[in-house]
Amino acid sequence: MIAGAGLAGASVAVTLREAGYSGPIALLGDEVTPPFGRPPLSKTYLTGAEGLGGWYVRPAEWYDRNGVELRCDAAVSRVDPDARTVILGSGETIRYGRLVLCTGARPRKPQIPGMDLPGVHLLRTVADCDAIKSAARPTSRAVVVGMGFIGSEVAASLRRLGVAVTAVLTGATPLEAVLGGEVGVAMASIHREHGVELIPGDQVVGFEGSASLERAVTKAGLVIECDFAVVGAGIELNLAPMTGTAIALDNGVLVDAHCRTNVDGIYAAGDVANHLHPLFGRVRVEHYNNAEKMGGAVARSILGNEAPYGYVHSFWSDQYEHKLEYVGHATEWHRFVVRGSVEARTFVGFYVRDGVLRAAVGLNRGGDPELDEQSELHACQELIARQTAVPIKALEDESVDLLGLLTTT
Ligand SMILES: Cc1cc2nc3c(=O)[nH]c(=O)nc-3n(C[C@H](O)[C@H](O)[C@H](O)COP(=O)(O)OP(=O)(O)OC[C@H]3O[C@@H](n4cnc5c(N)ncnc54)[C@H](O)[C@@H]3O)c2cc1C
């Protein structure tokens, strides 16, 4: 039984079937859409450039055809590990043999006065995106709150739709909390060049309007007239069904390197899972590739595969014509080393700690590490996995082949 029919949950079901498991599988969800990837909701689906069909984990009919009971009306309200049951919101109680928790997250709703006014939006679901889409007319004015990945991508998409965008961010530059100041400066210049008015070092402290949103007020005292706002203030994990049970929780559902919780027969994957990574220690990752691959890892773990889940994480972000790719996991680093040019917006940046490569980011460079094994970022994934010292000069030097470093370090 899989609780949560998102990307991670569906990846568990798909991998189980593809690996030959023939027993019953139930995928319990509470969204109307078949399991899908959310990336287009801040990008191509928001701008109208594509539908969602290409982002379904499997076509809607796959589940029936493969004996996977997909329920879209099955919000789990409680897990009872002693009885090995889950209890749905409707009161229905269902027994499980093994249970995988993939309940993901919802947007964090900050305590800002006026937050519930019509016109103030959060973004996670198709319905959220459709609401933003219908507000986004070429003459409208939007305030984007927060310039993490959701805020940055939404700002870019709204500009593509001709919406006037003012973005308020607490930090100095977009994405600097994750990618650091150098990349942040590059991203700020990209947004400004595309007409986003960036207001750094400030925060929205009030939304005002009579029947719907008319203006946002900032801590520094700015009053920004607007027609709608999109708030990208991080996520809150969907932990309610597990809270107060024997399942250990700490910044997510705690799982070991085999995606197992402390309770026999219960696993977790995706945004909600705080996993023990062989290289990075305890991490909880909020990205597409992790949800997909960890779902697969849970399935293999259930089927008896003893290899730990040691994926060197990766993610991407598309903003305007620019593409960011990232591999590894670095929250602190001693040096940020650049190959290429930050000013020209084509570079690979290396996050080095204690002489060891922990993560790398590519802006319009580096290739998709998942699709291209010859790409620079794929080479970085391999270098990160080794955790051996890397020569800084070689990282900076364009003439040194990163793949070649794998044989010389
Ligand atoms: C707008 C947007 C754009 C993104 N773009 C990118 C990107 O470009 N690159 C990238 O790497 N990542 C991106 N992400 C992140 C990525 O989508 C997530 O990491 C991924 O969706 C996590 O998958 P998941 O299955 O763990 O969680 P979710 O996708 O949240 O799925 C969890 C599912 O469980 C359901 N559920 C919750 N509680 C219950 C319950 N009690 N009972 C039953 N069902 C329940 C939820 O409704 C949902 O269907 C983006 C996210 C968003 C929101």
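This is a predicted model: local features need pLDDT of at least 70, side-chain atom pairs count only at pLDDT 80 or more; totals for chains, interfaces and linings use all residues.
Student: Into which domains is the protein divided, and how far apart do the C-alpha centres of domain 1 and domain 2 lie?

Tutor: The division gives domain 1 as 2-104 + 238-302, domain 2 as 120-231 and domain 3 as 321-408. For the pair made up of domain 1 and domain 2, the distance between the C-alpha centres is 31 Å.

Student: How many residues does the contact take from domain 1 and from domain 2, and what area is buried between them?

Tutor: The contact draws 14 residues from domain 1 and 14 residues from domain 2. Carbon and sulfur atoms give 64% of the area buried between these two domains, and that area is about 1300 Å².

Student: Which three residues supply 44% of the area that domain 1 buries against domain 2?

Tutor: The residues of domain 1 that touch domain 2 divide into 5 nonpolar, 5 polar and 4 charged. The 44% share, which is more than any other three residues supply, comes from Ser42, Tyr45 and Leu46.

Student: How many salt bridges does the rule find across the interface of domain 1 and domain 2, and how many residue pairs in polar contact?

Tutor: Applied across the interface of domain 1 and domain 2, the rule for salt bridges finds 2. For polar contact, counted where both residues are at pLDDT 80 or more, the number of residue pairs found across this interface is 7.

Student: How far apart are the closest N and O atoms in the salt bridge that aspartate 271 forms with arginine 124?

Tutor: A salt bridge requires the nitrogen and the carboxyl oxygen to be within 4 Å. For aspartate 271 and arginine 124, which form such a bridge, the closest N and O atoms are separated by 3.0 Å.

Student: Why is cysteine 72 in no disulfide?

Tutor: A search of the whole structure finds 0 disulfides. Two cysteine sulfur atoms must be within 2.5 Å to count as a disulfide, so cysteine 72 is in none, because the nearest cysteine sulfur, that of cysteine 102, is away by 15 Å.

Student: Is cysteine 102 buried or exposed?

Tutor: Cysteine 102 is likewise in no disulfide, the nearest cysteine sulfur being that of cysteine 259 at 9.7 Å. Because a residue counts as buried under 20% relative accessible area, and cysteine 102 has 7%, cysteine 102 is classed as buried.

Definitions and conventions
Residues are numbered from 1 along each chain as its sequence is written. Side-chain values use heavy atoms; hydrogens and water are left out. Domain bounds come from an automatic or database domain assignment. Contact means heavy atoms within 4.5 Å. Buried area is the accessible area (1.4 Å probe) that two parts lose on being put together, summed over both. A salt bridge is a side-chain nitrogen of Lys or Arg within 4 Å of a carboxyl oxygen of Asp or Glu. A polar contact is a pair of N or O atoms within 3.5 Å; within protein, one must be able to donate a hydrogen and the other to accept it, and residues adjacent in sequence count only if both atoms are side-chain atoms. Ala, Val, Leu, Ile, Met, Phe, Trp, Tyr, Cys and Pro count as nonpolar, Asp, Glu, Lys and Arg as charged, and the others, Gly among them, as polar. Buried means under 20% relative accessible area, exposed over 50%, partly exposed in between (1.4 Å probe, protein chains only).
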